Amino acid sequence: MIAKGADYLAEKMREIDRENEIKIVENKSLARMLYYNVDIGNEIPPELYQMTAEVLAYVYNLNNRQA
């Protein structure tokens, strides 16, 4: 985990993403699990690998379609 935020901080992070044309994929259940269970600087726990991999695969496919 390299960053996380809630409320104002999360909105600020999304704003910066939009300004830098970074795609935002929303998965609220995964976001909540990561927020409450993973500290910044720590690895994603194995029980969240599958959900995280699905989001990463979706983003990878989006990027490949536009290339």
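E21 counts as exposed at 73% relative accessibility, where exposed means over 50% relative accessible area, buried under 20% and partly exposed in between (1.4 Å probe, protein chains only). E21 lies in the loop between α1 and α2, and it has a positive phi of about 55° although it is not a glycine. This is a predicted model, in which local features need pLDDT of at least 70 and side-chain atom pairs count only at pLDDT 80 or more, while totals for chains, interfaces and linings use all residues. Residues are numbered from 1 along each chain as its sequence is written, and side-chain values use heavy atoms, with hydrogens and water left out.

**The overall picture**

- The chain's secondary structure comes to three helices and zero strands; helices (H or I, at least four residues) and strands (E, at least two) are DSSP runs, numbered from the N terminus.
- Read along the sequence, that gives the pattern α-α-α.
- Taken along the principal axes, the C-alpha atoms fill a box of roughly 35 × 30 × 20 Å.
- There are 67 residues in the chain, and buried ones make up 13% of them.
- Look at contacts (heavy atoms within 4.5 Å) between residues at least 6 apart in sequence, and 59% of them join residues at least 24 apart.

**Surface and charge**

- The chain exposes about 5,600 Å², and carbon and sulfur atoms supply 53% of that; the areas come from the Shrake-Rupley method with a 1.4 Å probe, and for residues only the protein chains shown count as cover.
- There are 8 positive and 11 negative side chains, with Lys and Arg counted as positive, Asp and Glu as negative, and His and the chain ends not counted.
- The centres of the two sets lie 5 Å apart, taking the place of a charge as NZ of Lys, CZ of Arg, CG of Asp or CD of Glu.

**Helix α1 and its salt bridges**

- Helix α1 has 12 residues and reaches 17 Å from its first C-alpha to its last, close to the 16 Å expected at 1.5 Å a residue; the expected span is 1.5 Å times one less than the number of residues.
- The structure holds four salt bridges, each one a side-chain nitrogen of Lys or Arg within 4 Å of a carboxyl oxygen of Asp or Glu.
- One of them pairs E11 with R14, their closest N and O atoms being 3.2 Å apart.
- E11 and R14 are three residues apart in helix α1 (residues 8-19), so about one helical turn separates them.
- E11 also forms a salt bridge with R18, and here the closest N and O atoms are 2.9 Å apart.
- Put together, E11, R14 and R18 are linked in a network of salt bridges.
- As for accessibility, E11 is partly exposed at 34%, R14 is partly exposed at 32%, and R18 is partly exposed at 47%.

**Another salt bridge, between K28 and E26**

- The side chains of K28 and E26 meet in a salt bridge too, at 3.7 Å from N to O.
- K28 counts as partly exposed at 48% relative accessibility, whereas E26 counts as exposed at 61%.

- D7 sits in the segment before α1.
- Although D7 is not a glycine, it has a positive phi of about 55°.
- At 69% relative accessibility, D7 counts as exposed.

- You'll find P45 in the loop between α2 (28-37) and α3 (49-66).
- P45 is buried, with a relative accessible area of 16%.
- Though P45 and L34 are 11 residues apart in sequence, their C-alpha atoms are 8.9 Å apart in space.
- T52 belongs to helix α3 and is buried, with a relative accessible area of 14%.
- Which residues does T52 touch, leaving aside its neighbours within four places in sequence? T52 is in contact with L30 and I44.
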